[in-house]
Structure formats: structure tokens, C-alpha cells
Amino acid sequence: MKIGLLINLQAGRGPAYNRMFVATQLPRLFSGLRALMPVTAVLVPAESPAAIIARENSIPLVTLAITPRGNRDETVTAVRLACQAGAEVLVVVGGDGTLADAALGILLAQKMLPAVGVGTKVRLLGVGIGTTNVGALVAFKGEELAGATAVQLDQWLQSLQPFKPPALVAGVADEILGVGFNDCTLGFTVPATVQGQRLDVDAAAMMAGRHEQGTVRPVGGPETEVWLRRKQQPLLVARGCEAGQIIIGTVDERYIGKAVAGGVCLTALARAPAALVVADKPLTRINLDAGKMEAVEPVTTRCFSLSTGDRVAVKGLLDNTVICVDGNPLSKVSGEQEVTVAVDTGLVTCLKPVNKH
């Protein structure tokens, strides 16, 4: 069995901490996997952090022909090449955004060679070392691995089971920009960790490789319209300044009974895979205290359940609004462009332990 390995040392707390974490935990993880699976090769991008760290720990490697660039395109391309080289398990160490990019790479591999089923048999095993680590693709959080005993880790690995999480497919003008498994947001900032500090980072600057403090502000203008296109008649759910922020997110049983979450708790109770939330104030922010919160209250939200095949369409956004999927800023949009987010299931298979708690 071939296993692909990708590591994003830039995630979460940054390269210094992550390199130390990966150097100690990666050998433990691979030792456990090799005890369960007949691993014949580990596929890694040439001269990547994954290659360097794996080589330092005497993990046998087969390198993929890709030039290290340190961006999300490298992740997508490396995953696609690993799939085409026959990887059956893909171990990805990074944040929610890195895991979402890996999922996109699997989908692109399948799209390029659908006749032979490339990508359909690949199972993704995610290790979360990012800022939030709340996406459905995360099998283990970094702190869980670091704190697990040898017996616990062995039990977790033996209980790994395939799981197909709901996916959010974001695009503009029929072009797919990214796939998410936690949320897709439309805004001007994105929470990120910069030099150990959590900040609301300017999303457009982050796309250019810069981590700068951003200004949290609404995305809705006079021409903004948010449509929910179900199998039945399309529904206009918000317009103008009602759309301070638009969030499409996956939902699970953790919301059930949490009535304070508003309509999302009912969406979870109804077993809908996702929800659309339109708020009159920005919600995806991290630099907030009680005083700032009081200054923006009340916050009014509208919630709509989403089923497989449902599509959210937004047009008339303020210029330079950024589409973010699982923490990844993907693209700036203008008021003339229409953004769509569709709910799908069964696109990617991930591995998760069933007895971790």
C-alpha cells in the first residue's frame, strides 16, 4: 500500500513549533499505521518539509516531481500526483485550509482520470495543527496526538473507519474555486495565527502572502441579494445591508439542544447536512472583547437548512469581498460577479477513529 504525506509547517503556531511537533509525533503515527497496513512506499513532494522530516526519521520515501512553492497550489498538485501514483491513504498535517486543499486535489485527480477511478479509493487522514481545527477532515488534533499514550494511539488507529462528510463546493461563474468541509464565508478578514497571536487578518493580503491586521466590516451593499436555490422555487432570503456576512457551514449533532445557536440547532436536529446563516453583522472574527461586542449588538441572524443539491447564490457584494473556504482565502469578487456554494455528499472519503472519546 502506498501512503501520501504532506505537511504544512506554516499552519497554526508556525514552523518552529510545528517542526518540533512533527519530528516527535510523525514517527509514532507512521509506526502505528505500518503495523496496520502493508506500507510499501510513502509519497512526498521532493525537498518538501514532509520529505526532510520523514528522511530524518528513516521513513522510506518515493518523491513526487513537483517544485516546492509553499502555497496552496503546491498542496493541490502534490495530492493530485500522489493519487495518480497510486496512493490509497493520504496523511495530511496542517490546518483546515490545508486539508480542504488536499480534498480538492483528490477531486481533481478523479476529474482528470475518471475512467480508472483515480481518487475514488483514496482515504484522507487529517492531523490538525492549524488555528481552529474544526473541520470534518480532522481525525486527530495535534495536542491529542502529543498527549496520547502508546496504548491510546494504537486503539485510535485500530478503530479508524471511512467517513464521507458533507462538502461545500464554492465557485464563481461556473468555475470551482475550492471545496470546504467546515464553512464557506464571504468577508474581508479571516482568523489566523501570526507569530503566535490570533488576529483578524486581511483576507486579500493573505492571498498575496502577507499577514496583516484587517478591518472587520460588512459585505452587503444596496445591490446585494442572497438566494437559496432549492429543488423547489428559488427563495430570496436577504438583500442589502441585511447581509452583513454570509456563512454556509456544515452542521452536526453537536448543535442539537444548543438552542442558543438559533436556527442551526433545528437544522442539526432535522439531520440536514449544512446551513445558510445570513447576519447583519460580521460573525467570523477573533479579536473581540465584551466592550466591542456590546458596541455591535444586537446581532440578527437568519438561518436556513441546506440539503444535498441545494445551492446558495449571492450577487451584488461590495467590491473586493473575499471568498474563504475552511480558512483559505480563495478569490476577491466584484459586485457584478455571482458567487455560488453548493452542498454535496460523498465527494471525499476520510478516516476517523470511532472510539477516540
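Q: Let's start with D252: is it buried, exposed or partly exposed?
A: D252 counts as partly exposed, because its relative accessibility is 24%, and buried would mean under 20% while exposed would mean over 50%. Please keep in mind throughout that this is a predicted model.

Q: Which residue does D252 meet in a salt bridge?
A: The partner is R254, and the N to O distance between the two side chains is 2.6 Å. R254 counts as exposed, because its relative accessible area is 56%.

Q: Why can side chains pair like that?
A: Side chains of opposite charge can pair when their charged atoms come close.

Q: How many salt bridges does the structure hold?
A: The structure holds six. One of them joins K315 and E225, whose closest N and O atoms are 3.8 Å apart. Because K315 lies in strand β18 (residues 311-315) and E225 in strand β13 (residues 225-229), this pair ties together parts that are 90 residues apart in sequence.

Q: And is E225 buried or exposed?
A: E225 counts as buried, at 18% relative accessibility, whereas K315 is partly exposed, with a relative accessible area of 36%.

Q: Which residues are linked with K315 in a network of salt bridges?
A: The network links K315 with E225 and R239.

Q: What about R229, which residue does it form a salt bridge with?
A: R229 forms a salt bridge with E338, and the closest N and O atoms of the two are 3.2 Å apart. This pair links distant parts of the chain, since R229 is in strand β13 and E338 is in strand β21 (residues 338-344), 109 residues apart. Both ends are partly exposed: R229 has a relative accessible area of 32%, and E338 has a relative accessibility of 27%.

Q: Changing topic to the strands: how many residues of β15 are buried?
A: Strand β15 covers residues 245-250, and six of its six residues are buried. Both of its faces are covered, with Q245, I247 and G249 on one side and I246, I248 and T250 on the other.

Q: Which strands does β15 pair with?
A: Strand β15 pairs with β10 (residues 183-187) in the antiparallel sense over four bridges, and β15 also pairs with β16 (residues 274-279) in the antiparallel sense, over six bridges. To pick out individual residues, I247 in β15 stands opposite T185, while I246 has V278 in β16 as its bridge partner.

Q: What does N182 touch?
A: N182 is in the loop between β9 (175-180) and β10. Leaving aside residues up to four places away in sequence, N182 touches V134, G135, L168, I248, G249, T250 and D326. N182 is buried, with a relative accessible area of 18%, and its side chain is joined to that of D183 by a polar contact of 3.4 Å.

Q: You mentioned D326, so where is that one?
A: D326 sits in the loop between β19 (321-325) and β20 (328-333). Its phi is near 50°, which is a positive value in a residue other than glycine, and D326 is buried, with a relative accessible area of 6%.

Q: What is phi of R271, and where is R271 found?
A: Phi of R271 is near 65°, again a positive value in a residue other than glycine, and R271 is found in the loop between α8 and β16. R271 counts as exposed, at 62% relative accessibility.

Q: What about the nonpolar patch on the surface, which residues form it?
A: The patch is formed by I256, L266 and L269, which together have about 280 Å² of accessible area. L269 is found in helix α8 (residues 263-269) and counts as exposed, at 53% relative accessibility.

Q: Which residues of helix α2 are buried, and what covers them?
A: In helix α2 (residues 49-56), the buried residues include A50, A51, I53 and A54. Their cover includes β1 (2-7), α1 (15-36), β2 (41-45) and β3 (61-64). Just after α2, S58 takes a positive phi of about 60°.

Q: Last one: which residues does the cis peptide bond with omega of about 5° join?
A: That bond joins E297 and P298, and P298 has its place in the loop between α9 (290-296) and β17 (301-306).

Definitions and conventions. Residues are numbered from 1 along each chain as its sequence is written. This is a predicted model: local features need pLDDT of at least 70, side-chain atom pairs count only at pLDDT 80 or more; totals for chains, interfaces and linings use all residues. Side-chain values use heavy atoms; hydrogens and water are left out. Patches are made of residues with over 30% relative accessible area and no salt bridge: like charges are joined within 9 Å, nonpolar side chains (Val, Leu, Ile, Met, Phe, Trp, Tyr) within 5 Å. Accessible areas come from the Shrake-Rupley method with a 1.4 Å probe; for residues, only the protein chains shown count as cover. A salt bridge is a side-chain nitrogen of Lys or Arg within 4 Å of a carboxyl oxygen of Asp or Glu. Helices (H or I, at least four residues) and strands (E, at least two) are DSSP runs, numbered from the N terminus. Buried means under 20% relative accessible area, exposed over 50%, partly exposed in between (1.4 Å probe, protein chains only). Two strands pair if DSSP finds at least two bridges between them. A polar contact is a pair of N or O atoms within 3.5 Å; within protein, one must be able to donate a hydrogen and the other to accept it, and residues adjacent in sequence count only if both atoms are side-chain atoms. Contact means heavy atoms within 4.5 Å.
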